[in-house]
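Student: I would like to work through the structure shown below, one question at a time.

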Amino acid sequence: MINKVYQVPYGTKDILPGEMKTRRRIENAIIDVFDKWGYDEVKTPSFEYVDTFGSMSAKGDFRFFDRNNNLLVLRSDMTAPIARLTATRLNGGEKIKRLCYLANLYRYEEIQAGRQCEFEQAGVELLGASGAAADAEIIVLAVKALQAAGVKQFTISLGHVDFINGLAEEAGFSENQLVELKNCLRRHDAVAMQQMADAMQNIRPEIKQLFADLLFLQGGSELLAKMRAVVTNPKAVNALENLAAIYELVQAYGASEYLTFDLGLYRSLDYYTGMLFEAYLPEMGYPVAGGGRYDKMMQDFGLNYPATGFALGVDRVVLALERGGMAQAVRSWDALVAWNEGKLPEAIAKAAALRSEGRSVKLCTEAMDLTAAAAAVKEYCCSGLVYVP
Amino acid sequence: MNEYITIALPKGKLFNKSLRLLERVGYSAENVTEDSRKLVISNEETKVRFIIAKTVDVPTYVEYGAADIGIIGKDVLLEQDKDVVELLDLGFGRCRLMMAVPEAKRRGKLTDYAHLRVATKYPNCAKAYFNKLGIQTEIVKLNGSIELGPIVGLSEMIVDIVETGTTLRENKLAEVDSIFTATARLIANRASFKLKFARLHKLVEDLRVVLHEEEK
């Protein structure tokens, strides 16, 4: 029998003093940005009935039974819980709802390349607004959140599911072929895309080439213009126009330098209905944030609300900042109040006075002489010493 | 670090061809050899860095972003299922994964091989193959000399890479089914592919031109 008393479960970790302070600072900065943009923070339970997630509950989820044999799941995603919350408790009232959250999520993953089984997300959901204005707000909010966290260099790749759906329609894809196409995009397999394109028949050569190039369709506005010249399917054309409109608005916010179009972008979560995006940092080999529009999700909860949002992986952002040397674990307090035998009441008064001035103070719990106190200051990470002789 | 393109090269069969192909599109450095003591070799002028890696480790370097791109066989990619971008089929290093049994022990149908032991260096690929056939087998993972399996009584079958088939014949093994054909692929890290897109896109296009010329 292995003694598990001292181990944390696979895929979880403790966050130590100093590290936690840095993390809290980043969390606060992000939530503060959300608040400044008009978002209400909400909190949902750490576990839900499996039914809430429906088909979204995947093999990797942590499931368990309650006392009535109902199947519960530790939440692995926040969009379903937020949808449930909105449908049950926030229905009615303001037409446009802005919600945000900071939550621990759970999924069984191989802990490689930064994935953990317990991971923290900071996210937003903008409900009740279709259209480019809402999408642009979400994208710029992601930019601002990353900047508030201290990230300097990043890029946001922006795509649209209807560009892909539209192309598939134009190519006359069957349901199975569309599924296969999405799998290739999810796996980022340009070779399989090339093979798929080669096998296509009765199709315009320009469209055939587009399929082969789909993962390489990255760039700025000139890319959209190029596509407009080639693509005729109405769904795809609308997607391009939607992207152009979003881009123009992001420009108005002054954030377009961070944006790149990536028309082959297809995220693992199947519920997107419009634009979708991912954010990449140079220090990390995988995206640190992602989101998009998902107008259909609310229907599962009996409502007809368009929705758009994103989530940011707090662990990944913290990791990136640490790697870039920008997030030092810092432990420091203003003053150590130490005291000689019998002088604790005065020391307490001294500490209280300092604290009411807004100082951070550590009060010794035992008497010590001045020499010992002077040595203790460094050990307890205080900037100064107040000694009561 | 960010201005460099770091390439993971696989030691072994693919090394020389990979190096020469990259040289043809302007990605080269001095003294890049398979047995080099220096495992990281840079070219300051062109901002290219080579990492010489064990073949099976190339996808790991690329997935983590330690290398922006790498060259690796599709067989290794299929076995490891790493989250990388597969950019281009480079065409060389062609090999085939197949199932073989001792010539004397051939059976009538593929499904007759159910519940037997399979020695292989590719347990994931083997499992997937037998799942598709709908039969259960016991996978015995070995790291080399797979043909020894049936000879020493470790397994009844093997799933292994074959090129000419000479090794099979010499060990009196007969190929019973072909599983897939694999060639060398150019792979990239997901973030590098977005952040260094212009350079990597150009590399892919230049390689396409070179490969096309070589075909003729």
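Student: Which residue just after helix 4 of chain A takes a positive phi?

Tutor: This is a predicted model in which local features need pLDDT of at least 70, side-chain atom pairs count only at pLDDT 80 or more, and totals for chains, interfaces and linings use all residues. Residues are numbered from 1 along each chain as its sequence is written, while chains are lettered from A and ligands numbered from 1 in the order in which they are written. Helices (H or I, at least four residues) and strands (E, at least two) are DSSP runs, numbered from the N terminus. Just after helix 4 of chain A, a positive phi of about 110° is taken by Gly150(A).

Student: Which element supplies the largest share of the side of chain B that touches chain A?

Tutor: Two residues are in contact if their C-beta atoms, placed from the backbone, lie within 7 Å. By that criterion, 18 residues of chain B are in contact with 16 residues of chain A. The largest share on the chain B side, five residues, comes from strand 5 of chain B.

Student: Which residue takes a positive phi just after helix 4 of chain B?

Tutor: Helix 4 of chain B comprises residues 123-133. Just after this helix, a positive phi of about 80° is taken by Gly134(B).

Student: Which exposed residues lie on the face of helix 4 of chain B turned away from its buried side?

Tutor: Cys125(B), Ala126(B), Tyr129(B) and Phe130(B) are buried in this helix. The face turned away from the buried side carries Asn131(B) and Lys132(B).

Note on methods:
A residue is buried if 20 or more other C-beta atoms lie within 10 Å of its own, exposed if 12 or fewer, and partly exposed in between; C-beta atoms are placed from the backbone.
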